[in-house]
Amino acid sequence: MNSFVHKTLVVQLQAGDTDRFSVLAHLSYDAADPFAVTVVFSHDGRVLARWQLDREMLADGLRRPVGVGDVRMRPESRGVWQELRMEFLGDARPDGGRHHAVVFAWAPAFAAFLRETHEMVPPGREEVHVDDFLAGVLAGG
């Protein structure tokens, strides 16, 4: 059985007061790390950002506003277009502010990706092998 789910989506990025522009969002899920979804945003073959997100938070963000701190999500409607709005706060800027970006994704595509991850590891059935993790940490790995 395959323990990975990958999907690449076209999403809209808005940084600061700029207009939206299209970038790729490469989503990946590994059953060995069942709580996390990795998203790599890229444009013209260049990685713009890499975020590791909580799978449950992504699912909740499709239904209601979630998140505090560096990552916030909420559903948004633009007519018949259903979007997932993801707001990311990054490193500090020289002026004392923080880098800030908003990504808008087609919500049904994110929901389809999450359904695939839920088929692989149903919510509530995630397992974390703490003993293996601690052995690796203690061994310096």
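**Strand pairing and helix packing**

In this predicted model, strand 6 (residues 81-92) and strand 7 (residues 98-106) run antiparallel and are joined by eight bridges. Within this pair, E87 stands opposite V102 of strand 7. Helix 2, formed by residues 107-120, packs on the sheet and touches strand 1, strand 2, strand 3, strand 6 and strand 7. The direction of helix 2 makes about 155° with that of strand 1.

Strands of a sheet pair through backbone hydrogen bonds, in either a parallel or an antiparallel manner. Here, seven strands form an open sheet with antiparallel pairing, in the order 4-3-2-1-7-6-5. Strand 4 (46-54) and strand 5 (71-78) stand at the edges, and each has a single partner strand, so one side of each is left without a neighbour in the sheet. From one strand to the next, the twist averages 30°.

Strand 1 (residues 4-15) is joined to strand 2 (residues 21-30) by ten bridges, and the two run antiparallel. F4 stands opposite D30 of strand 2. The two strands form a hairpin with five residues between them. In the turn of this hairpin, G16 has a positive phi of about 65°.

Strand 2 also pairs with strand 3 (residues 36-43), to which it is joined by five bridges in an antiparallel arrangement. L27 stands opposite V39 in strand 3. Strand 2 and strand 3 likewise form a hairpin, with five residues between them.

Definitions and conventions. Residues numbered from 1 in each chain as written. Predicted model: local features only at pLDDT ≥ 70, side-chain atom pairs only at ≥ 80, totals over all residues. Heavy atoms only, no water. Pairing = 2+ DSSP bridges. Helix = DSSP H or I, 4+ residues; strand = E, 2+ residues; numbered from the N terminus. Axes fitted to C-alpha atoms, helices over the stretch in contact; angles between N-to-C directions. Contact = heavy atoms within 4.5 Å.
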